[in-house]
Amino acid sequence: MKKNKKKQIALQRVSNLIDTALYTQDFFSDDHILSAKKIIEKYKIKIPFEYKLLFCKNCKKFIVPGKNSRIRIGRSKIKALRITCKLCGHTYRKIIKAKAEIVT
Ligand SMILES: [Zn+2]
(Lines give C-alpha, C1' and ligand atoms only; values in the text may rest on other atoms or scores of the structure.)
Protein backbone atom coordinates (compact mmCIF):
# COMPACT_ATOMS: atom_id res chain seq x y z
CA MET A 1 0.00 0.00 0.00
CA LYS A 2 1.25 3.43 -0.80
CA LYS A 3 2.24 5.72 1.99
CA ASN A 4 -0.21 8.42 1.02
CA LYS A 5 -3.05 5.98 0.98
CA LYS A 6 -2.12 4.85 4.46
CA LYS A 7 -2.07 8.41 5.66
CA GLN A 8 -5.45 9.00 4.14
CA ILE A 9 -6.92 6.05 5.93
CA ALA A 10 -5.24 7.12 9.14
CA LEU A 11 -6.67 10.60 8.84
CA GLN A 12 -10.09 9.13 8.23
CA ARG A 13 -9.77 7.13 11.40
CA VAL A 14 -8.61 10.15 13.32
CA SER A 15 -11.55 12.23 12.19
CA ASN A 16 -13.94 9.44 13.05
CA LEU A 17 -12.50 9.18 16.52
CA ILE A 18 -12.59 12.91 17.10
CA ASP A 19 -16.11 13.21 15.77
CA THR A 20 -17.27 10.43 18.02
CA ALA A 21 -15.57 12.05 20.98
CA LEU A 22 -17.24 15.34 20.14
CA TYR A 23 -20.65 13.78 19.89
CA THR A 24 -20.53 11.62 22.92
CA GLN A 25 -18.45 13.90 25.15
CA ASP A 26 -18.55 11.36 27.83
CA PHE A 27 -16.31 9.02 29.63
CA PHE A 28 -15.09 7.35 26.49
CA SER A 29 -14.08 10.56 24.79
CA ASP A 30 -10.64 10.44 26.35
CA ASP A 31 -10.03 6.98 24.97
CA HIS A 32 -11.05 8.12 21.54
CA ILE A 33 -8.79 11.12 21.71
CA LEU A 34 -5.92 9.06 22.97
CA SER A 35 -6.24 6.66 20.08
CA ALA A 36 -6.56 9.56 17.68
CA LYS A 37 -3.39 11.13 19.03
CA LYS A 38 -1.51 7.88 18.69
CA ILE A 39 -2.51 7.61 15.07
CA ILE A 40 -1.54 11.23 14.44
CA GLU A 41 1.90 10.64 15.91
CA LYS A 42 2.42 7.33 14.23
CA TYR A 43 1.60 8.52 10.75
CA LYS A 44 2.71 12.09 11.33
CA ILE A 45 -0.43 13.34 9.74
CA LYS A 46 -1.49 16.89 9.61
CA ILE A 47 -4.86 17.31 11.13
CA PRO A 48 -7.35 19.79 9.72
CA PHE A 49 -7.56 23.24 11.20
CA GLU A 50 -10.88 22.65 12.87
CA TYR A 51 -9.45 19.71 14.76
CA LYS A 52 -6.42 21.62 15.85
CA LEU A 53 -8.72 23.99 17.65
CA LEU A 54 -9.82 21.13 19.79
CA PHE A 55 -6.48 20.61 21.42
CA CYS A 56 -5.05 22.98 23.96
CA LYS A 57 -1.59 24.16 23.02
CA ASN A 58 -0.50 24.21 26.59
CA CYS A 59 -1.86 21.13 28.28
CA LYS A 60 -2.53 19.24 25.02
CA LYS A 61 -5.87 18.14 26.29
CA PHE A 62 -8.94 17.74 24.21
CA ILE A 63 -11.08 20.79 24.66
CA VAL A 64 -14.59 21.26 23.41
CA PRO A 65 -15.77 24.78 22.58
CA GLY A 66 -18.62 25.75 24.83
CA LYS A 67 -17.70 23.07 27.28
CA ASN A 68 -14.12 23.37 28.35
CA SER A 69 -12.85 26.00 26.02
CA ARG A 70 -13.91 29.45 25.00
CA ILE A 71 -13.39 30.80 21.53
CA ARG A 72 -13.44 34.44 20.67
CA ILE A 73 -12.65 36.32 17.54
CA GLY A 74 -9.80 38.72 18.04
CA ARG A 75 -10.36 42.34 17.34
CA SER A 76 -6.94 43.22 16.12
CA LYS A 77 -6.00 43.69 12.49
CA ILE A 78 -4.84 40.15 12.27
CA LYS A 79 -7.84 37.93 12.15
CA ALA A 80 -7.37 35.41 14.84
CA LEU A 81 -9.29 33.26 17.19
CA ARG A 82 -8.55 33.54 20.84
CA ILE A 83 -8.99 30.24 22.49
CA THR A 84 -9.07 29.89 26.22
CA CYS A 85 -8.66 26.47 27.70
CA LYS A 86 -10.78 26.14 30.78
CA LEU A 87 -8.75 23.20 31.98
CA CYS A 88 -5.45 25.00 32.41
CA GLY A 89 -6.49 28.60 31.81
CA HIS A 90 -4.14 29.03 28.91
CA THR A 91 -5.15 31.42 26.15
CA TYR A 92 -3.69 31.16 22.72
CA ARG A 93 -4.33 32.55 19.31
CA LYS A 94 -4.99 30.88 16.06
CA ILE A 95 -4.51 33.13 13.13
CA ILE A 96 -7.14 32.71 10.48
CA LYS A 97 -5.83 35.25 8.08
CA ALA A 98 -2.17 36.06 8.21
CA LYS A 99 -2.32 39.22 6.16
CA ALA A 100 -4.49 42.03 7.31
CA GLU A 101 -6.46 43.93 4.76
CA ILE A 102 -5.09 47.34 4.21
CA VAL A 103 -7.60 49.98 5.00
CA THR A 104 -6.78 53.47 3.94
ZN1 LIG B 1 -5.07 23.69 28.49
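In strand S2, Arg-82 is the bridge partner of Arg-72. The model is a predicted one, in which local features need pLDDT of at least 70 and side-chain atom pairs count only at pLDDT 80 or more, while totals for chains, interfaces and linings use all residues. Residue numbers start from 1 along each chain as its sequence is written.

The secondary structure of the protein chain comes to 3 helices and 3 strands, in the order α-α-α-β-β-β from the N terminus on. Helices (H or I, at least four residues) and strands (E, at least two) are DSSP runs, numbered from the N terminus. S1 and S2 form a hairpin with 5 residues between them. The two strands pair in the antiparallel sense over 5 bridges; pairing requires that DSSP finds at least two bridges between two strands. The bridge partners named here are as follows.

| Residue | Bridge partner in S2 |
|---|---|
| Ser-69 | Cys-85 |
| Arg-72 | Arg-82 |

Helix H1 covers residues 3-24, and its 22 residues should span 32 Å at 1.5 Å a residue; the end C-alpha atoms are 31 Å apart, which agrees. The expected span is 1.5 Å times one less than the number of residues.

Which residues of H1 are buried? They are Val-14, Leu-17, Ile-18 and Ala-21. These residues cover an arc of only 95° around the axis, so they lie on the same side of H1. The arc is that of the directions from the helix axis to the C-beta atoms. A residue is buried if 20 or more other C-beta atoms lie within 10 Å of its own, exposed if 12 or fewer, and partly exposed in between, with C-beta atoms placed from the backbone. On the face of H1 turned away from the buried side are the exposed residues Asn-4, Lys-5, Gln-12, Tyr-23 and Thr-24.

The buried residues of H1 pack against helix H2 (29-43) and helix H3 (49-52). Leaving aside neighbours within four places in sequence, Val-14 is in contact with Ala-36, Ile-39, Ile-40, Ile-45 and Ile-47. Contact means that the C-beta atoms of two residues, placed from the backbone, lie within 7 Å.

Of the 104 residues of the protein chain, 14% count as buried. The largest nonpolar core has 13 residues, and those with the most contacts inside it include Val-14, Leu-17, Phe-62 and Ile-63. H1, H2 and strand S2 (79-85) each supply at least two residues of this core, and H1 gives the largest share, 4 residues. A nonpolar core is a set of buried Ala, Val, Leu, Ile, Met, Phe, Trp, Tyr and Cys residues joined through C-beta atoms within 7 Å.

Ile-63 is found in the loop between H3 and strand S1 (69-73). Is Ile-63 buried or exposed? Ile-63 is buried, because 22 other C-beta atoms lie within 10 Å. Apart from neighbours within four places in sequence, the contacts of Ile-63 are Leu-54, Phe-55, Cys-56, Asn-68, Ser-69, Cys-85 and Leu-87. Ile-63 and Leu-87 are 24 residues apart in sequence and 8.1 Å apart in space, C-alpha to C-alpha.
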